[in-house]
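Here is a short walk through one protein model. Follow it with the sequence and the 3D view side by side.

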Amino acid sequence: MSRRIRLQQFLVLAAFLFAVYWFVDGSALIAAGWVIVGLLNVYTLRREAEAEDDALNV
């Protein structure tokens, strides 16, 4: 696993943990924003994995 993928996985986890913190603190709107950031990072990770699979199949 490359450093970039590990960093992105850490950022996903951090975004979701930060969302939980904001939700518990009482700000659901900010928590929703951090959930969106986490989901975008997950989407990016999945797209990169699919791109690598496609490149190997050529």
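Start at F18, which lies in helix α1. Helices here are DSSP runs of H or I of at least four residues, strands are runs of E of at least two, and both are numbered from the N terminus. F18 counts as partly exposed, because its relative accessibility is 34%. Buried means under 20% relative accessible area, exposed means over 50%, and partly exposed lies in between, with a 1.4 Å probe and protein chains only.

A word on the source: this is a predicted model, where local features need pLDDT of at least 70, side-chain atom pairs count only at pLDDT 80 or more, and totals for chains, interfaces and linings use all residues. Residues are numbered from 1 along each chain as its sequence is written, and side-chain values use heavy atoms, with hydrogens and water left out.

Now the overall picture. The protein has 2 helices and 0 strands. Of its 58 residues, 17% are buried. The protein exposes about 4800 Å², and carbon and sulfur atoms supply 67% of that area. Accessible areas come from the Shrake-Rupley method with a 1.4 Å probe; for residues, only the protein chains shown count as cover. Contact means heavy atoms within 4.5 Å.

Look along α1 next. This helix has 23 residues. From first C-alpha to last, α1 reaches 32 Å, close to the 33 Å expected at 1.5 Å a residue. The expected span is 1.5 Å times one less than the number of residues. Its buried residues are I5, Q8, V12, A15 and A19. Just after α1, G26 takes a positive phi of about 105°.

Q8 has a relative accessible area of 9%, so it is buried. Leaving aside residues up to four places away in sequence, Q8 touches N41, T44, L45 and E48.

Back to the rings. A pair of aromatic rings is described by the distance of the centres and the angle of the planes. Rings of Phe, Tyr and Trp (its six-membered ring) pair if their centres lie within 6.5 Å; planes under 30 degrees apart count as stacked, over 60 as edge-to-face and the rest as tilted. How many aromatic pairs does a search of the whole structure find? It finds 4. In one of them, the ring centres of F18 and W22 are 6.0 Å apart and the planes stand at 90°, so this pair is edge-to-face. Both residues lie in helix α1 (residues 3-25), 4 residues apart, about one turn of the helix. W22 is partly exposed, with a relative accessible area of 22%.

F18 also pairs with W34. Their ring centres are 4.9 Å apart and their planes are at 90°, so this pair too is edge-to-face. It links distant parts of the chain: F18 is in helix α1 and W34 in helix α2 (residues 28-56), 16 residues apart. W34 is partly exposed, at 31% relative accessible area. Ring pairs link F18, Y21, W22 and W34 into a cluster.

F18, Y21, I30, W34 and V37 make a nonpolar patch of about 420 Å². Like charges are joined within 9 Å, nonpolar side chains (Val, Leu, Ile, Met, Phe, Trp, Tyr) within 5 Å. Helices α1 and α2 each supply at least two residues of the nonpolar patch. The largest share, 3 residues, comes from α2.

Notes
Patch = residues over 30% accessible without salt bridge, like charges linked within 9 Å, V, L, I, M, F, W, Y side chains within 5 Å. Salt bridge = Lys/Arg side-chain N within 4 Å of Asp/Glu carboxyl O.
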